[in-house]
Amino acid sequence: MRLRLICLLLSGALTVAPAAWAGPRSFELKSPDGKNSVAVEVGPRVSWSVTHAGNTVLAPSILGMSLLDGKRLGTATSVKAIKRSTANRVVAAALYAKRSTIRDHYNQLQITLEDGLQVIFRAYDDAVAYRLATSFPGQITIVNEDVELRFPGAPTAYLPIADCAPAKKKGVDCFHNGFEETYTVAPLSALSQTAMAFVPVLIDGGGQTPKLLFTEADLDDYPGLWVRAPRITKQATEQATAPGLTGVFAGYPLEEKVVGTKWPQMGVARRAEYIAVTKGARLFPWRVAVIAAHDKDLADTDIVYRLGGETPRADWSWVKPGKSQSEWLWDNILYDVPFAAGYNTETYRHYINFNARFGLGYMFFDAGWSEVTDLLKLTSAIDVPGLIDEARAKGLGTVLWASSLALNRQMVPAFETFSKWGVKGVMVDFMDRDDQVTVNFYRRVAQEAAKRKMIVNFHGAFKPTGFERRFPNALTRESLVAFEYNKWTEKVTPDYELMLPFIRGVAGPMDYEPGQMRNAQKGAFRVIESQPHSQGTRMHQAAMYLVYESPYAKMGGNVSDYLREPEFTKFLAELPTVYKESKTLDGKVGEFVVTLREAKNGTFYAGAMTGSSARKIELPLNFLPPGVFNAEIHEDGANAARYGADWRRIERTVRSSDCLVIDMAPGGGWVGSFRPKLPISGKATGRQP
């Protein structure tokens, strides 16, 4: 019997007969390296807790599900069967910004309960995760999923708390949100009972306790996860309870209405008391806890992609990364041109010529090329089909902006028209919801786009959940306070921008629209809606192309500014958007980050950003192979601390034994590229105040 047990373990799976596991039981699951450990208790409720190297990072937290027919899955039940397995495979990504091959190594515990609920736990070296599964016939209606997180000690939380005021003005609930909030950093115990936040959220236990980032993966046909403070009850006030968060979900939409005027969209007029109507036999989204002993580990993980589902067997070679201009940020303002810039053919032809000159790969029509509510009614002054032909003749694919309201109404005719024109992608905007109906809209868009070999960029969107693994054509999405907020607020600070790689960036690609050419330090920054500036330095903006992942990236500066500095523009344009391998060398949430990426052609790139404090960092070049390399360095200029647009370029030869010093001004940045030795000029160039 012992020999048979060993053979089963070596084969990767062990199933235990149901009769062996009646009554409350405890189970343990460890990560391959043994550091992360999940403890599962099946009793009156099913609970789980997590330790890392013996330190508790998640206290016992309940899970379960309630159905409309009265079933309370995961409550007062016993174990029917358990199954253990392990996996160690390499995932070949069709198109993934961070790395071309991904190692998927985990241990798994599957617990089947007598009430019909399955709970699947996975322990990785960088994370732990669980998902629920059911196998009921027909459809089920889910009233709620119990997602509870309890933490030891007095942790600090980084929470994107929803501002409900705009939704209330439109007569809808707080679940109508663009998922664009900065992070409230405060003790978790101070979270208001009325506040709601969407994931990812970051929990810092302090001291030597690893940080825990919580999010979800493989979200489909189900509402997205939000969190709030646990409700205070009389029992809770009488008993000591660990601080925590409780999951909350948008109710299923029963009745919708159009809300808003300038950017109309579908809002929910009436929601059900249940959250989803779905197949009775299915897997539900992964609940993912990233465990990071060091802050840099947060930015390094690809766990959400690993858990995002399977890529369909198909030819995805047509999915191309690239960049484009982003004219909406500048209200189509140009200068040094012989025509009146605006929403007209001459302006967009100018963009085509710019994008082709610098080899960006895509030409972008943001909002304004058609009526917002009708994608088949074109702006008369813009020859959209003709310009698409011109762009294609110059090697550019065209991406068209579309409101979700119009695209939902015109899904097939719009895509058919776009395909006839030769469009290569769409940017879909203003979903501003993540209930079940809206989540399924994303799938429909990606499917219809893929049929016609088009990429997709989601704006007004909820966070990524590994969707780009199931749909490699879904290249990027917003779900963050991006550069555009500089047009009307001062909230986009360098410190906030240094939180993104460690929180929102963990979930997946970020469409931030960096590369601004007008840069101001804090004292000089002003809100100018049609001529926005960035806070921090020019090189802070440049480094975002390396630190922030986005296979389809936009150059957010004014095209006329770019044309005045063609050498710098060429440098930005040539920075890749997908890489063979990536590694975060160092970093701290909200303070600084140093990112290393290796391109498929063997060139190494390093990018660094700092928050509001100036910073010097040593960069050993031991990542380079043997030999001599040409280093091209772009760094903050001598006066960047007062004049944000000051920068300089340096060329030199280096070896793996060398060490460079990265010297960044407040809100600063640094970018270096390292290529096998070629002749160099030895010149230093830059923009001086």
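Analyst: Start with one contact. Asp104 and Arg89 meet through their side chains in a salt bridge, at 3.2 Å from N to O. The term requires a side-chain nitrogen of Lys or Arg within 4 Å of a carboxyl oxygen of Asp or Glu. This pair links distant parts of the chain: Asp104 sits in strand 8 (residues 101–113), Arg89 in strand 7 (residues 79–92), and 15 residues separate them. Helices (H or I, at least four residues) and strands (E, at least two) are DSSP runs, numbered from the N terminus.

The two partners also have their own burial classes. Asp104 counts as buried because its relative accessibility is 0%. Arg89 counts as partly exposed, at 34%. The classes are buried under 20% relative accessible area, exposed over 50%, and partly exposed in between (1.4 Å probe, protein chains only).

Some ground rules. This is a predicted model, where local features need pLDDT of at least 70 and side-chain atom pairs count only at pLDDT 80 or more, while totals for chains, interfaces and linings use all residues. Residues are numbered from 1 along each chain as its sequence is written, and side-chain values use heavy atoms, with hydrogens and water left out.

Across the whole structure, the search finds 45 salt bridges. Another one joins Asp218 to Arg131, with the closest N and O atoms 3.0 Å apart. Asp218 is in the loop between strand 15 (211–217) and strand 16 (226–228), Arg131 is in strand 10 (residues 127–150), and the two are 87 residues apart. Asp218 is buried at 16% relative accessibility. Arg131 is buried too, at 7%.

Next, a pair that involves a helix. Glu565 and Arg538 form a salt bridge at 3.3 Å, N to O. Glu565 lies in the loop between helix 15 (559–564) and helix 16 (566–574), Arg538 lies in helix 14 (residues 538–547), and they are 27 residues apart. Glu565 is buried at 14% relative accessibility. Arg538 is buried at 1%.

Salt bridges also form a network, which links Arg99, Asp126, Asp302, Arg306 and Glu581.

Now the cysteines. The disulfide count comes to 1, where a disulfide is a pair of cysteine sulfur atoms within 2.5 Å. Cys164 and Cys174 form it, with sulfur atoms 1.9 Å apart. Their link is left-handed, at -75° about the S-S bond. Cys164 lies in the loop between strand 11 (156–159) and helix 2 (165–169), and Cys174 in the loop between helix 2 and strand 12 (184–187), so the pair ties together parts 10 residues apart in sequence. Cys164 is partly exposed at 22% relative accessible area. Cys174 is buried at 12%.
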